[in-house]
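Hi,

Here is the model I promised to pass on.

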Amino acid sequence: MVPFHGWEMPLHYGSQVQEHHAVRRACGLFDVSHMCIVDLAGAGTLDFLRHLTANDPARLRDGQCQYGVLCNEQGGVVDDIIVTRLGGERFRVVSNSATRDKVLAWQERWRPSFRVDFTPRPDLAMVAIQGPGALAVTDRVLPLAARPRVGALRPFHALEEGGWMVSRTGYTGEDGLEIQLPAAGVAALWRQLTGEGAQPAGLGARDTLRLEAGMSLYGSDLDDGHNPLDCGLGWTIAWDPPERDFVGRAALEARRGAAAGVRRIGLLLEGKGVLRDGQTVSLEGRTVGAITSGSYSPTLEQGIALARVSESVPAGGAWTVEIRGRHHPVRVVRPPFVRNGQRAWRDE
Amino acid sequence: MTTPAMTTPDNLKYTREHEWCRPEGAEVVVGVTQYAASQLGDVVFVELPAVGAPVTAGQPFGVVESVKSVSDLFAPVSGTVSAINSTLPDAPEQVNQDPYGEGWMIRIRPVPGDQMTGLLSAADYAALIAG
């Protein structure tokens with residue numbers, strides 16, 4: 001167990017690598033109750049969210065989820081979030097635990113200009129059931145009435161059922177579900193899911209799975225000082241309609257098309273070893289950036305990393321990462337590294 | 001969650017940095033303890049010195065990396081590396097599965113007169129990790 005932003009959380013339940021493989025091959029179960037959940041309602045909710053997020057929640061139909069980022073006025077990333085349109089002007093926002101105070105304060109700061117009721121939901125727990133077997137395992141523990149609806153959920157869709165929210169989302173690059181429910185019921189749900197064969201998985205596996213999936217971790221790959229274009233998240237910016245004025249838009253417009261910044265790349269270590277956060281990335285012996293998230297990929301059985309490098313440098317040439325004073329060859333690739341259990345990276 | 005009891009074989013000597021060593025003829029076999037392996041988690045990479053390289057008691061001779069962390073390996077005695085476990089690069093999980101056997105790391109030919117002072121007995125090491 002380790003302290004994690006005010007929570008006591010397991011790094012692993014035995015073997016991090018075994019938990020990782022369980023998610024890629026069968027079904028893993030994560031307690032992610034540390035995530036920050038806020039419910040929003042009121043006539044101004046959609047306008048409020050459209051002002052705060054670089055993605056556009058107006059594109060959501062009822063029961064749809066959307067990944068996006070909150071930007072500050074300089075375009076830097078305040079946090080990455082998932083917005084779910086529960087119905088009409090009722091929305092739920094899930095953000096990170098490390099940023100809880102900052103993000104709650106950020107939403108409070110902008111709220112007075114909009115007619116929106118704002119309800120943090122610390123009463124809810126959250127579990128993620130992930131892997132190719134996740135839907136089948138979950139189906140066996142759901143109330144009979146909910147099974148057909150959950151079974152019919154499409155990716156990035158959600159439903160409400162008796163105080164629960166079930167969404168077909170995750171942070172692993174596998175199929176799966178996330179369930180938010182009153183905390184009093186989570187222990188029983190956990191026991192039922194593990195009884196059906198779901199393998200409990202800790203923070204360690206959560207990190208290697210999301211990294212293989214090419215997904216960003218706030219605080220490592222994303223921060224207040226870098227905009228989404230710097231971080232490989234340009235696809236989350238809804239530029240249209242051009243008249244929508246969201247926080248950070250002017251800065252992002254200025255950055256768009258300018259080639260003086262940085263960009264995100266994926267790296268594969270050619271030899272044996274592990275890539276780590278902070279290691280220096282070089283091209284032809286010249287430092288061009290640094291690793292923002294590095295680890296070992298249990299699926300590919302090699303070191304992998306996300307790195308931030310000068311935007312202007314080419315993908316070709318002799319790329320290296322410095323590990324303990326020596327330069328080790330790496331291959332520049334386009335994440336994700338792994339999707340649905342299979343190698344998925346492509347050359348840049 | 002309970003932590004399983006850690007094995008500390010009586011026939012080995014130990015460092016405070018969680019290496020074990022076992023004299024065999026004119027050489028000393030070196031690895032990391034079961035406690036160290038369990039603390040590291042899944043070992044995925046081991047960097048060992050070349051055969052013939054000198055090592056100094058108390059100084060790093062290599063590196064072991066698990067998914068979550070990097071740790072130096074410390075030499076229990078001074079001498080020359082006479083062999084390395086060449087199976088570890090392809091099967092680093094042996095460090096977790098069999099830390100006192102297949103997971104051994106290097107053999108050292110100690111410098112003449114190294115009395116292996118400063119090493120712990122099994123009982124003393126067991127007390128150290130029991131905290």
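**Notes on the model**

Tyr14(B) and Tyr125(B) are both buried, where buried means under 20% relative accessible area, exposed over 50% and partly exposed in between (1.4 Å probe, protein chains only). Before I go on, the housekeeping: this is a predicted model, with local features needing pLDDT of at least 70 and side-chain atom pairs counting only at pLDDT 80 or more, while totals for chains, interfaces and linings use all residues. Residues are numbered from 1 along each chain as its sequence is written, chains are lettered from A and ligands numbered from 1 in the order in which they are written, and side-chain values use heavy atoms, leaving out hydrogens and water.

Chain B first. There are three helices and nine strands in it, and from the N terminus they go β-β-β-α-β-β-β-β-β-α-β-α. Helices (H or I, at least four residues) and strands (E, at least two) are DSSP runs, numbered from the N terminus. Of its 131 residues, 45% count as buried. The C-alpha trace of chain B spans about 45 × 35 × 20 Å along its principal axes.

The largest nonpolar core has 23 residues, and Val30(B), Phe61(B), Leu73(B) and Ile106(B) are among those with the most contacts inside it. (Such a core is a set of buried Ala, Val, Leu, Ile, Met, Phe, Trp, Tyr and Cys residues joined through side-chain atoms within 4.5 Å.) Elements of chain B that each supply at least two residues of this core include strand S3 (27-32), helix H1 (34-40) and strand S6 (60-66). Leaving aside residues up to four places away in sequence, Phe61(B) touches Val30(B), Leu48(B), Pro49(B), Val55(B), Leu73(B), Phe74(B), Ala75(B) and Ile106(B); contact means heavy atoms within 4.5 Å. Apart from that core lies another, of 22 residues, including Ala134(A), Leu135(A), Val166(A) and Ala198(A).

Now helix H3(B). Its buried residues are Ala122(B), Tyr125(B) and Ile129(B). Looking down the axis of H3(B), they fall within an arc of 65 degrees, so they line one face of the helix; the arc is that of the directions from the helix axis to the C-beta atoms. Ala123(B) and Ala130(B), on the other side of H3(B), are exposed. S1 and H1 of chain B are among what covers the buried residues. Just after H3(B), Gly131(B) has a positive phi of about 75 degrees.

How many aromatic pairs are there over all chains? The structure holds six. Rings of Phe, Tyr and Trp (its six-membered ring) pair if their centres lie within 6.5 Å, and planes under 30 degrees apart count as stacked, over 60 as edge-to-face and the rest as tilted. One of them is Tyr13(A) with Trp190(A): the ring centres are 6.3 Å apart and the planes at 35 degrees, so the pair is tilted. Tyr13(A) is in the loop between strand S2 (7-9) and helix H1 (16-25) of chain A and Trp190(A) is in helix H6 (residues 186-195) of chain A, so the pair ties together parts that are 177 residues apart in sequence. Tyr13(A) counts as partly exposed, at 30% relative accessibility, and Trp190(A) as buried, at 19%. Tyr14(B) and Tyr125(B) form a stacked pair, 4.7 Å centre to centre with 5 degrees between the planes.

Over to you!
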